[in-house]
Structure formats: C-alpha cells, structure tokens
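Subject: Structure for your files, with notes

Hello,

Here is the structure you were waiting for. My notes follow it.

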Amino acid sequence: MASVGIHDVRKSFGPVEIIHGVDISIEDGEFVILVGPSGCGKSTLLRMIAGLEKITSGEISIGERVVNQMPPKERDIAMVFQNYALYPHMTVSENMAFSLRLRRTENSIVTERVHIAAEILGLMPLLDRYPRQLSGGQRQRVAMGRAIVRDPQVFLFDEPLSNLDAKLRVQMRTEIKELHQRLRTTTVYVTHDQIEAMTMADKIVVMHDGIVEQIGAPLELYDNPANRFVAGFIGSPAMNFMSGHITGANGSASLRTEGGIDLPLGAGAPAASDGRPAVYGVRPEHFILSDQGAEASVVVVEPTGSEIQVVADMGGDHVVAVFRERHDLKPGQKIHLQPNPELVHLFDSDNGQRL
Amino acid sequence: MLDAAARQNAVAPVSFWTRLNENRNVLGLWFMLPAAAFLLLFLAYPLGLGIWLSLTDARIGRAGEFIGVENFVWLWGDSVFWLSVFNTLLYTIVASVIKFAIGLYLALLLNNNIAFKAFIRAIVLLPFIVPTVLSAIAFWWIFDSQFSIISWALIELGIIEQNIDFLGTPNNARASVIFANIWRGVPFVAITLLAGLQTVPQSLYEAATIDGASKWAMFRHITYPLLTPIIAVVMTFSVLFTFTDFQLIYAMTRGGPVNATHLMATLSYQRAILGGNLGEGAAISTAMIPFLLSAIMFSWFGLQRRKWQQGESDD
Ligand SMILES: Nc1ncnc2c1ncn2[C@@H]1O[C@H](COP(=O)(O)OP(=O)(O)OP(=O)(O)O)[C@@H](O)[C@H]1O
Ligand SMILES: [Mg+2]
C-alpha cells in the first residue's frame, strides 16, 4: 500500500490541453473518487497514474517514488477497466493468474492466490469458465479478481460499474466498498455518478473541464460546496439556483429573485452587501411546506414511494422540493415553500464562488 | 391443459399442400432451391464432368469411351506426373509458409502507428491489384537470362561476374516462381491479418501492459491466440490458391526447364489442351482433389469454434 501524490499535472493531446494543472494528494489506504461530467479528464488522469498515458508536465508519485518515467508494470498498480478487458481466450482462473504467470511465479503460489481472490469474490464455481460464459456482474468481479491477485500498491478503477444494471450496480457498490475495508489498499476510482461517489468515497475529487473544483469528504462537499459547480453536481435531485440580489442588512438579510420573491438568508450571510447580485442555492430537501414562505404553484408532482418530489414555479423560476411526508398536492395548486435559512448557500453571480 | 388441447382441435382443417408449405423445414428447402440449382450448375456439373472425363479416353474432337481407371494407372507410372506432384507440394508449402511469415510481419508493422501508414498500406496492396499475367511478364523480364535487372545490379555492384540464369536451371527456376508467387500472395495475407488484428480490442493490450507483459508476451498470449481463427481462414485460401496456381507459372516458365516447374495444374493443361488428351489431363486434375480435400479438412479443424468463442448456450 502506498500514498499517491499528483503534483501540478498537465496533459495535452497535441496542441489541446485537457488537464490544466491538477494537485491531489491521496493517503495510504484511502478510497478516493474522481467524479465529474463526461469529458472532464477523469479517465485521462487515471491513465496517467497507471502509466498508460504520458504526463505532459508535473509529477506523479506512488509511495516514495516519482513514477513519471516508469513503465506501468513497475508502478505496482492494478487497474479495472470500464469494459473489464478480460482476455476472452483465457478462463477465469487463467485471467486472474496471467500477471503472476508473466512474472514466473511458482505454480503453487499462483493457485493459492487465485483461490484466495476467488474466495473473496465468490468466483470459486466459475474458475473454469470463459468470459463469454459470464454475466456482466461476474465479469466485473473477475476484473477485480485480476487486480486483487496481484496485491498491488494501488487499485485504479475506471467506471467499473457503468455497464451494469441499476440493481447490480448498487450491490457491486457495496461489494467494492466492503472489499476496500477488508484489503485497505489505496484506491482511485473514477465515476461520473455522484451517488457512487457519495456512497463509496473517503474523499471525493470533483473535476470539471480539466481542473479540480473541490476536494473533500462526501458530506463536506454536500454541506459546504466551494462553488456553484460543486453545489450543482453533488446531490440528487440537484440544488435549486435562483439569481437575484441581496437586500436588507445584516441579521435580517434576504435575497430578492428576479421574479420578485424574497428568500431568507441565514445569520452567516455576507455583511454589508445590500444590492449585491448573487445566486441563491437551496437543496430540494431543505424546503418545508408552510403557511409563510415564498409563494409557488405546483407544476408536477412525482411520488417515488419513500418521498415526493414537487416541481413548482416560484416567480418564474422552476424549483424542485422533496418531502418525506405524503402531502396531497395537485398541479396548479398554490403552496408556500420555506427554505431553511441556515442551510441555504449563496454564490457569486460572476465566478460562482461561494460567498 | 384441457384448454390448450381444445384450442388445437378447434383449428380449421387445412389442406396437405398448405401444411406442407407452412412447415418450417419444407419452406427452408424451397428457399434453398435457387442456391442449390446455382451450385449444381456451376460447381457440381463441371466437377462431375471433369471426373467423368478422367475415366474416359476422350481426345479433343472425339467423345471418349469409358476406360475405368486406366488414365490413373498410366499416370502412376509417369515420372513427369510425379515430378509435378512434387513441384506442386514444394511450391505450395514453401510459398505458403513464407507468405504467412511475411504477411504476419507486415500486418503487425502496419497495425502500429507508423509514419505514412496509409501510403505504405497502399503499396502493400499493389501486387494484389496488378493482373497476374502482367506481373508474371514483369517477373519474366526481371528473371530474364540476358536482361535481368537483378543480374545487372549484382554485376554493377561487383558481387557476381556473369548473368544468373534464373529461369534456365531447375532449382533457380523453382526459386524464381516461388518468389513471384510470394510477391503476389503476401498482400492478401497481410491485409486480411491486419483486419484481424484490428478487431483485437486495444484495452486488452492496456490490461496486459499493466499485468506486466512485454511486447513479445503480448503477441504470444493475446494477439496470436485471438488471431488463430483468421489465420486458419487466410491460410486455407492461401494454400488453395497456391496449390491450384496456373497463370504465374504458365506465363513465366510454361513448366520448364525440363518440367522442373510444372505444377499439376499446368501439366494438366498441357496434356489436355495442348496435347489433346482430355482424359489424361482430367485425370491429373482429378488427382488434385484428394490434396485439396485434405487441406480443407485440415483447416476445417482449425476453424472449429474454439471453446472460448462459445457462449453459455453451447456449453
Ligand atoms: N487520445 C486522445 N486524443 C485526443 N483527445 C483525447 C484523447 N483522449 C481523451 N481526449 C480528450 O480528453 C478529454 C478528457 O477525456 P477523458 O476520457 O479523460 O474524459 P472522462 O472524464 O473520462 O469522460 P467520461 O466520463 O466520458 O469517460 C476529452 O475532451 C477527450 O476528447
Ligand atoms: Mg472516462
């Protein structure tokens, strides 16, 4: 096991810079998730850690060693690919044993390690099958088995669950987390699914267009997003944003939206900022239905069973609110939505930074 | 249960003819009919006719009479025939092996990111595009005893003193026609194998890189096993084409010198058409069938779906 350091790393493909100076430090044994929208450079960064892509500038270290110039096989990492990349002409056990065989490991040791990994992943009955004869989830497990067998310093996962159906994805999520708790191997995991990130990570790195937007523990990102991008990316359904400007002074400040609705700000609102334009952010679950509060009219009601999700028109802005209680709401109905002022967020309307 | 039975009985009785037409198998036969007729007309008939001729003493302009295996008995004692068998086997084996080696090498080379890839691919295809007879004539010049460019170049370089008689001595002639055949055949092998190489997913190589495989190990453990089905197809065709080659030999040497480059195909032509002995020529051609069949059998086993290619249902 080892820590991983990524220091001012840049990557260009030809003249186009894809990754613009990324700094991440990953501690020994940590489960770090790189998350971000499609095309933001997550896979590229992971592949640079693996050594499958050259680093244009900057430094990547694994443990104590700077690995910039080191070929993948000397980096002591294992990678699980999105499409699993299982060798189709090898059985499950041959797939898992391949890396050990290449290193001319003794037969008895190979068998033993393959069996240990297969035991952990429940692959014992499948050892003699070929990849074609496996289901998606089983292939996924073989891919992980191939990584485990090597007992590497770092595991790298590139969207390992995106080819699975929703139910299996939830199950594998738990399995991977369990596996990590058991092996405690440093793990870097790429996904574009923020729920995966929230549920599995010790630490989340939110990326966007080749830069790191914020690094932190899942709940920290949820509670204190550093900017509007992170606020909108983390959490589902996404946070509501309404632009307007701040009115009133300290203590009883509020934000007046473009539609003329007054929304309360908490005690933490920036001082002496009367008239300043800003973006108001409130999570759907931080609304309560009350007699006061901002007036809105119901547009769509979407019950999911455990909660209901209401889309409402609030002075021209569409807002989403989620309630655990079963309110009986009809489209067109007038309601009052009151945000919890202590849990709202305020962002700069120009650069999106948190105020 | 009862319900289903009742429903089945309720179906209106249909005529035998309608039922026949709706039967899957019968319908299948109907659909196969045009293809079958085609095959019979253009493949089976000439083949059958050839075999029949080989059992007669037909000559050009005279329908023959059935003489049993007399032609074959005669050939059995004919040393020229045996020489042509030997030549054909030598030609096929040596040319096929070398074509495979060079073709595979070129395919691997072209599968890498090299400079001027498209251009080099075009060049590799060139020998394939040129009509055989044209390239044979070109080789005829290249290997000419007086004006050979190879001899000329070697003399200029001071390596040899006299022109090499490429097509004049038996072994030189054999080597020359084999060389020409290789030159013509390599593109087919190279391009087909290249197509096969490109179906191997890049991620397998990446996985292998991380697993610690060297370039050689990747070829040995990933490329080669995944390529075997294509190799089987390519080599079957390559062997069949080479074994039955006619144009190249006929244009370059006509089987000479002293029958040293006669293949079964050229000998058959010579005896049947030029010599007028249709029956005997047909017998030589018919004698090729067992060889071709065994080549096909061989590749048929090579082409069997490998265990790893099968899905769950084939278990
Ligand atoms: N080999 C390449 N040549 C040129 N551009 C590339 C190459 N590989 C990736 N890119 C570009 O780099 C950017 C980041 O790609 P990357 O695959 O890292 O995205 P990602 O965050 O993994 O997205 P996804 O979630 O869709 O997998 C993209 O804009 C992509 O077009
Ligand atoms: Mg990706």
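In what sense do β9(A) and strand β10 of chain A pair, and over how many bridges? β9(A) and β10(A) (residues 211-216) pair in the antiparallel sense, over five bridges. Strands and helices here are DSSP runs, strands of E with at least two residues and helices of H or I with at least four, numbered from the N terminus; two strands pair if DSSP finds at least two bridges between them.

Before the rest, two notes on the source. This is a predicted model, in which local features need pLDDT of at least 70 and side-chain atom pairs count only at pLDDT 80 or more, while totals for chains, interfaces and linings use all residues. Residues are numbered from 1 along each chain as its sequence is written, and chains are lettered from A and ligands numbered from 1 in the order in which they are written.

Chain A overall

Chain A has eight helices and 19 strands. Its C-alpha atoms fill a box of roughly 75 × 45 × 35 Å along the principal axes. Of its 355 residues, 40% count as buried. A residue is buried if 20 or more other C-beta atoms, placed from the backbone, lie within 10 Å of its own, exposed if 12 or fewer do, and partly exposed in between. Among contacts in chain A with a separation of 6 or more, 65% are between residues 24 or more positions apart; a contact means that two C-beta atoms, placed from the backbone, lie within 7 Å.

Strands around β9(A)

β9(A) (residues 203-208) also pairs with strand β3 (residues 31-35) of chain A, in the parallel sense over four bridges. Val205(A) takes part in both pairings: Leu34(A) stands opposite Val205(A), and in β10(A) the bridge partner of Val205(A) is Ile215(A). The hairpin of β9(A) and β10(A) has two residues between the strands, and Asp209(A) takes a positive phi near 50° there.

Core

The largest nonpolar core has 151 residues, and Ile33(A), Leu156(A) and Val188(A) have the most contacts inside it. Helix α9 (residues 170-197) of chain B gives the most to this core, with 10 residues. Such a core is a set of buried Ala, Val, Leu, Ile, Met, Phe, Trp, Tyr and Cys residues joined through C-beta atoms within 7 Å. Leaving aside neighbours within four places in sequence, the contacts of Ile33(A) include Tyr189(A), Met200(A), Ile204(A) and Val205(A).

A second sheet in chain A

Four strands of chain A form an open antiparallel sheet in the order β17-β16-β15-β18. β17 (317-323) and β18 (334-339) are the edge strands, each pairing on one side only. The twist averages 55° from one strand to the next, with axes fitted as lines to C-alpha atoms (for helices over the stretch in contact) and angles running from 0 to 180 degrees between N-to-C directions. β15(A) (residues 287-303) and β18(A) pair over seven bridges, and Ala296(A) stands opposite Ile335(A) in β18(A).

Ligand 1

The shell around ligand 1 includes Phe13(A), Gly36(A), Lys42(A), Ser43(A), Thr44(A) and His192(A). A residue counts as near if its C-beta atom, placed from the backbone, lies within 6 Å. Helix α1 (residues 42-50) of chain A supplies the largest share, three residues. By class, the shell has three nonpolar, seven polar and one charged residue. Ala, Val, Leu, Ile, Met, Phe, Trp, Tyr, Cys and Pro count as nonpolar, Asp, Glu, Lys and Arg as charged, and the others, Gly among them, as polar.

Where the chains touch

Chain A and chain B each give 20 residues to the contact. On the side of chain B that touches chain A, α10 (202-211) and α11 (215-243) each supply at least two residues, and α10(B) gives the most, with seven. That side of chain B has 10 nonpolar, five polar and five charged residues.

Thr223(B) is found in α11 of chain B. Thr223(B) counts as buried because it has 20 C-beta neighbours inside 10 Å.

Ser236(A) and Pro237(A) are joined by a cis peptide bond, with omega about -5°. Pro237(A) lies in the loop between α8 (228-233) and β11 (240-247) of chain A. Asp8(A), in strand β1 (residues 4-13) of chain A, has a positive phi of about 45° although it is not a glycine. With 11 C-beta neighbours inside 10 Å, Asp8(A) counts as exposed.

Regards
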